[in-house]
Amino acid sequence: MALSLSPVVARPGSIYAIQTDATCTVDTLKAGAGRIFKVEIDNTGNTVAVFVKLYDTTGGVTHATTDPNWVLKCPAGVARAFTCASGNAFGTGLKALCATEAGTGATATVNPTNDVIYRILLS
């Protein structure tokens, strides 16, 4: 399975983005301003930590080169949720990817070995 976007009834106008095979490939979640309300990361299938990187842009994103606006770490073998009740604003658009290293100075693109699932509630 891959990325899916669906409207959310509980918060009209919101999108629930679900990626069931998150990798270093960039996903475009929204082309326009909005807010991030919740990010859930399921890394139960891996033995190393993963990092979901979020970018406030509609332009190009290159993993290990483009600086992310947010980096959310999920340790090996667990699921984590990050919430912001009032929403964390982004100004131009939202893109996401998932890698096994946190920074932008990586010399190679390292995808998780097994599936990582992220769910992002945004408006």
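1. Strands β3 and β8 run antiparallel and are joined by three bridges. The model is a predicted one. Within this pairing, D27 has A96 of β8 standing opposite.

2. The two strands belong to an open, four-stranded sheet with antiparallel pairing, ordered β3-β8-β5-β6. At its edges are β3 (27-30) and β6, each of which pairs on one side only. On average, and with direction ignored, neighbouring strands here are turned by 25 degrees against each other.

3. The largest nonpolar core comprises 20 residues, and I36, I41, L54, L94 and I120 have the most contacts inside it. Two or more residues each come from β4 (34-42), β5 (50-56), β6 (70-74), β8 (94-99) and β9 (117-122). Another core, of five residues, lies apart from this one; Y55, V61, L97 and A99 are among its members.

4. What does I120 touch, residues up to four places away in sequence not counted? The list is I15, Y16, A17, L29, I36, K38, V39 and L54.

5. N43 sits in the loop between β4 and β5. Is N43 buried or exposed? Its relative accessible area is 0%, so N43 counts as buried, the cut-off being under 20%.

6. The surroundings of N43 can be listed as well. Neighbours within four places in sequence aside, N43 is in contact with V48, A49, V50, C74, P75, A76, G77, V78, A79 and V116. For C74, the backbone oxygen lies 3.4 Å from a polar atom of the N43 side chain.

Terms used. Residues are numbered from 1 along each chain as its sequence is written. This is a predicted model: local features need pLDDT of at least 70, side-chain atom pairs count only at pLDDT 80 or more; totals for chains, interfaces and linings use all residues. Side-chain values use heavy atoms; hydrogens and water are left out. A nonpolar core is a set of buried Ala, Val, Leu, Ile, Met, Phe, Trp, Tyr and Cys residues joined through side-chain atoms within 4.5 Å. Buried means under 20% relative accessible area, exposed over 50%, partly exposed in between (1.4 Å probe, protein chains only). Contact means heavy atoms within 4.5 Å. A polar contact is a pair of N or O atoms within 3.5 Å; within protein, one must be able to donate a hydrogen and the other to accept it, and residues adjacent in sequence count only if both atoms are side-chain atoms. Two strands pair if DSSP finds at least two bridges between them. Axes are lines fitted to C-alpha atoms, for helices over the stretch in contact, and angles run from 0 to 180 degrees between N-to-C directions.
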